[in-house]
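Subject: Structure handover

Hello,

Here is the structure I said I would pass on. Please open it before reading the notes below.

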Amino acid sequence: MHLETTRFLTAEQTRGLAAAHGTPLYVYDEKTLRQRAGETLAFPNAYGLTVRYAMKASPNRRILRIFNEMGLHIDASSGFEVSRALAAGIPANHISLSAQELPDNLAELLDMGVLFNATSLNQIRTAGEARPGIEIGLRFNPGLGSGGTNRTNVGGPASSFGIWHEYAEEAQDLLQKHNLTCVRIHTHIGSGSDPSVWQRVALLSLKQVRRFPDVHTLDMGGGFKVARMQSEKSTDLQEVGAPVKAAFEAFASETGRKLRLEIEPGTYLVANSASIISRVQDVIDTGEDGYLFYRLDTGMTDVLRPSLYGAQHPLVVIPRSEGPERPEAEAILVGHCCESGDILTPAPGDPEALAPRSVSLAEIGDYVVIEGVGAYCSSMSTRNYNSFPASPEVLLNAAGGAELIRKRQPLDDIWALEA
Ligand SMILES: Cc1ncc(COP(=O)(O)O)c(C=O)c1O
């Protein structure tokens, strides 16, 4: 049988990479990364566009450098992410910090030219006390949000992200008190947002811009949907952006202010650029009325999204050698942690319910390729739980080679900092 995964890995490549690097193994595809970056750079805009990669999605320096080379800037969510981007060679003035927690070295980062969006009234105060007289951005919670799940909705009254939109006057008072100038309005309403809500928020944000005469840039955040599964639908950037462009034009003809647009996609840029090659390390069943389980050598230590959100990822069985075609089987795919929530096939949106998946009948030693793991997997997992070392990352580069871009974590690294 010659089974190909739906995205970028062939069966032969899967076996070859597993033999060369072991499993579990993240494999990124440079061609996909570049293609996605190109699509975001073509986002409709009236008076200029900056695309920022939300590096929290997958912060390996090789990925940051590919995007930097293509002209993308960086959205950082902590001072530590800023340091990581700087260490990767990203220029300070290409990095924008919008964080829930301010770094202790905020003043130093501001002096280097890192852009800063205050996400609370207290953050305006802190920045003003540290460096009075500077230009900053303000992240507002526009009063509504939208996410693929409730946990990824970061707008509206149930969200702590950004300055509540009704406190614009208090924000203005603080700016004045510290002689700060607001030059950017920033908003981000969630991951996997409904495109129509995203568009409505753009209009609400333009209203907010009216209050701040020095604002030259409106940053609309990220949140564009990506179809990992065939049944899901990706956001069409041209479609979602066209009315926003028209709104910027209408705003300019009314006010004379030609605003620059910023967007900050994470998921859109990387989600479908990576797969994990894992191995079926055991096959279990729970009797006639029970389930068939494939136990993988990966799980929430590498891909937490199913356990956290009930997220769905394509799962493709690759037999460990060529052979006759396998029949289909209904199986529950689980991870390697001693944790009942470590499951790759929850019901959609319900991490606590099991949803058997139709896959090829697998044997111990076969591979399972987990697709759509480029965003919030390597960067957001229960790394080192049960003392599993962090998995290596490989990039299938434009020249056709497989570059090791992160080594497998040495086991003693896990306890190296213990005193
Ligand atoms: C401020 C900000 N911008 C951009 C993003 C990227 O979102 P996504 O990966 O859904 O595009 C996030 C994600 O949480 C965010 O918090």
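This is a predicted model: local features need pLDDT of at least 70, side-chain atom pairs count only at pLDDT 80 or more; totals for chains, interfaces and linings use all residues.

Domains

The chain is divided into two parts: domain 1 covers 11-27 + 271-408, and domain 2 covers 30-270. Taken over C-alpha atoms, the centres of domain 1 and domain 2 are 32 Å apart. Where the two meet, 24 residues of domain 1 are in contact with 19 residues of domain 2. On the domain 1 side, the elements that supply two or more residues are α11 (305-309), β19 and β20 (402-406). Of these, β19 gives the most, with three residues. By class, that side of domain 1 divides into eleven nonpolar, ten polar and three charged residues.

Five of its five residues are buried, so β1 is largely enclosed by the rest of the structure. The cover is on both faces: Leu25, Val27 and Asp29 are buried on one side, and Tyr26 and Tyr28 are buried on the other.

β1 pairs with two strands that are described here. With β11 the pairing is antiparallel and has four bridges; Leu25 has Ile277 of β11 as its bridge partner. With strand β19 (residues 393-396) the pairing is parallel, again over four bridges, and Tyr26 is partnered there by Glu393.

The peptide bond from Thr23 to Pro24 is cis, and its omega is near -5 degrees. Most peptide bonds are trans.

β12 in turn pairs with strand β14 (residues 328-334), in the parallel sense and over three bridges. Here Phe293 stands opposite Ile332 of β14.

The nonpolar core

The largest nonpolar core has 105 residues, and those with the most contacts inside it are Val27, Ile95, Leu97, Leu333 and Val368. Helix α8 (residues 195-210) provides the largest share of this core, six residues. The core draws on both parts of the chain, with at least three residues from each of domain 1 and domain 2.

Val27 is one of the buried residues of β1. Leu333, leaving aside its neighbours within four places in sequence, is in contact with Tyr294, Leu296, Leu315, Leu344, Thr345, Arg357 and Val368.

Ser196 has its place in α8, yet Ser196 counts as exposed because it has 11 C-beta neighbours inside 10 Å. Its C-alpha atom is separated by 38 Å from that of Ala87, which is 109 residues away along the chain.

The ligand

Which residues come nearest to the ligand? Of the 16 residues around it, they are Ala54, Ser191, Gly222, Gly266 and Thr267. The shell around the ligand has six nonpolar, eight polar and two charged residues.

Two asparagines with positive phi

Most residues other than glycine have a negative phi. Asn179 has a positive phi of about 55 degrees although it is not a glycine. Asn179 lies in the loop between α7 (168-177) and β8 (181-186), and it counts as exposed, because it has 10 C-beta neighbours inside 10 Å.

Asn386 is also not a glycine and has a positive phi, of about 60 degrees. Its place is in the loop between β18 (367-371) and β19. With 14 other C-beta atoms within 10 Å, Asn386 is partly exposed.

Regards

Note on methods: Residues are numbered from 1 along each chain as its sequence is written. A nonpolar core is a set of buried Ala, Val, Leu, Ile, Met, Phe, Trp, Tyr and Cys residues joined through C-beta atoms within 7 Å. A residue is buried if 20 or more other C-beta atoms lie within 10 Å of its own, exposed if 12 or fewer, and partly exposed in between; C-beta atoms are placed from the backbone. Domain bounds come from an automatic or database domain assignment. Two residues are in contact if their C-beta atoms, placed from the backbone, lie within 7 Å. A residue is near a molecule or strand if its C-beta atom, placed from the backbone, lies within 6 Å of it. Ala, Val, Leu, Ile, Met, Phe, Trp, Tyr, Cys and Pro count as nonpolar, Asp, Glu, Lys and Arg as charged, and the others, Gly among them, as polar. Two strands pair if DSSP finds at least two bridges between them.
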